[in-house]
Amino acid sequence: MEQSVRQQAGVHFAKVPTCPSWATRIEVAREGESIVVRGWKRCETYPCPKDLPKGSDLLADYRSYADGDRQARPLHLELVDATDDQRLETFVRNFGPLGKRVDWLEIHDDDTRDLTVFQSMDDLRHKQRLFRSTFDLIVALGEMKLNARAASKIANSAMQVESFETPDPKGPSEIDELMSDITIAMHRREWAAVYTAGHAVVCRVFELFPSRLIPYPGGAVELPRRQAWSVLSEAMFMLRNDYEQKWKWSFCENQSCRRAFRLTRKDQSCCTTDCATAVRSRKYYHRQGYEVRRARLAAKKTATKSIP
């Protein structure tokens with residue numbers, strides 16, 4: 001029997017294989033416009049959580065998040081939110097690189113590996129933007145509003161993910177052809193066709209990051225196809241699970257946060273209760289606080305004038 005991560009949500013499958021972290025220990029060094037990512041004791045297999053060191057189960061936070069834990073921040077949401085260099089470096093330090101190849105490798109007797117990946121900051125920024133654009137496209141598709149404004153969001157987000165697919169010298173890529181379909185549908189004001197083509201773009205992006213089935217005594221589990229030089233496959237795997245579940249996302253209304261989060265109810269506008277409290281306080285400050293301050297200043301002026 002095949003099981004997926006979304007079917008395991010809320011349940012601790014100690015004997016079901018999981019996806020380990022990129023490496024047991026990760027160090028990141030910035031060298032100008034490049035970063036050097038070093039990992040120690042990387043596990044190449046898919047062990048059970050009980051056989052991993054504490055904190056090395058990459059899907060642990062995702063299972064908590066899928067079960068409705070608003071405090072859980074799985075890898076894919078952290079990548080969506082890594083919109084500046086400081087956050088990108090923190091992401092790589094916590095989860096691993098988004099590189100193109102392994103530049104140094106040492107294999108130990110226990111089959112774990114120490115490895116080094118060099119990556120330019122431009123490449124790191126580019127891949128984060130591609131992933132963020134895929135996320136934005138799914139968010140736009142989830143609005144289900146058949147009008148020009150919603151369709152424009154879909155078209156703009158879809159345009160940003162075109163470079164996920166390697167250009168084919170023999171002709172346009174599949175995403176390029178789908179973008180042509182979106183352009184034609186936009187011109188004809190066929191909003192439903194824009195949505196259909198937008199979903200096709202998302203599906204094509206996910207096809208570029210295939211998963212694999214890992215057998216175990218109880219059956220098989222679907223897990224990401226790991227790459228030693230990047231955790232992008234793991235991020236795409238989580239995002240695809242969310243997409244298949246038809247979960248809705250938004251961005252926190254708290255201006256000092258603005259993190260992506262999964263909606264657990266329709267009227268939810270903030271990622272945590274702390275952010276919701278901060279937003280309510282700010283709204284009170286602007287709505288009623290102004291009147292209170294104005295009255296206080298008027299009273300102070302009146303009191304000053306009454307002094308002989």
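Author: The protein has 10 helices and nine strands; helices (H or I, at least four residues) and strands (E, at least two) are DSSP runs, numbered from the N terminus. This is a predicted model, in which local features need pLDDT of at least 70 and side-chain atom pairs count only at pLDDT 80 or more, while totals for chains, interfaces and linings use all residues. Residues are numbered from 1 along each chain as its sequence is written, and side-chain values use heavy atoms, with hydrogens and water left out.

Reader: What makes F91 and F95 an aromatic pair, and why is the pair called tilted?

Author: Rings of Phe, Tyr and Trp (its six-membered ring) pair if their centres lie within 6.5 Å; planes under 30 degrees apart count as stacked, over 60 as edge-to-face and the rest as tilted. A search of the whole structure finds five such pairs. For F91 and F95 the centres are 5.1 Å apart and the planes make 40 degrees, so the pair is a tilted one. Both residues lie in helix α4 (residues 85-95), four residues apart, about one turn of the helix.

Reader: Which parts of the chain does the pair of F206 and Y243 tie together?

Author: F206 and Y243 are also tilted, at 5.7 Å centre to centre and 55 degrees between the planes. Since F206 belongs to helix α8 (residues 191-207) and Y243 to helix α9 (residues 232-245), the pair ties together parts that are 37 residues apart in sequence. Elsewhere, Y62, Y65 and W247 form one aromatic cluster.

Reader: Why are α5 and α9 called roughly parallel?

Author: Helix α5 (residues 121-141) and α9 pack at an angle of about 0 degrees, with their axes 12 Å apart. Axes are lines fitted to C-alpha atoms, for helices over the stretch in contact, and angles run from 0 to 180 degrees between N-to-C directions. Angles under 35 degrees count as roughly parallel, over 145 as roughly antiparallel, 65 to 115 as roughly perpendicular and the rest as oblique; α5 and α9 are therefore roughly parallel to each other. F131, T134, F135 and I138 of α5 make the contact with L232, A235, M236, L239 and Y243 of α9, where contact means heavy atoms within 4.5 Å.

Reader: How do you know that R226 is buried?

Author: Buried means under 20% relative accessible area, exposed over 50%, partly exposed in between (1.4 Å probe, protein chains only). R226 has a relative accessible area of 13%, so this residue is buried. R226 lies in the loop between β7 (219-224) and α9. The R226 side chain reaches the backbone oxygen of S21 at 3.3 Å. S21, in the loop between α1 (5-8) and β2 (25-31), is likewise buried, with a value of 14%.

Reader: What makes V201 a buried residue?

Author: The relative accessible area of V201 is 0%, so V201 counts as buried. V201 lies in helix α8 and touches L137, A158, V161, I175, L178 and I182, not counting residues up to four places away in sequence. Buried residues make up 45% of the 308 residues in the protein.

Reader: How do you know that the charged end of R25 sits over the ring of W40?

Author: A charge sits over a ring if NZ of Lys or CZ of Arg is within 6 Å of the ring centre and within 35 degrees of the ring normal. The charged end of R25 is 4.0 Å from the centre of the W40 ring and is found to sit over that ring.

Key: A polar contact is a pair of N or O atoms within 3.5 Å; within protein, one must be able to donate a hydrogen and the other to accept it, and residues adjacent in sequence count only if both atoms are side-chain atoms.
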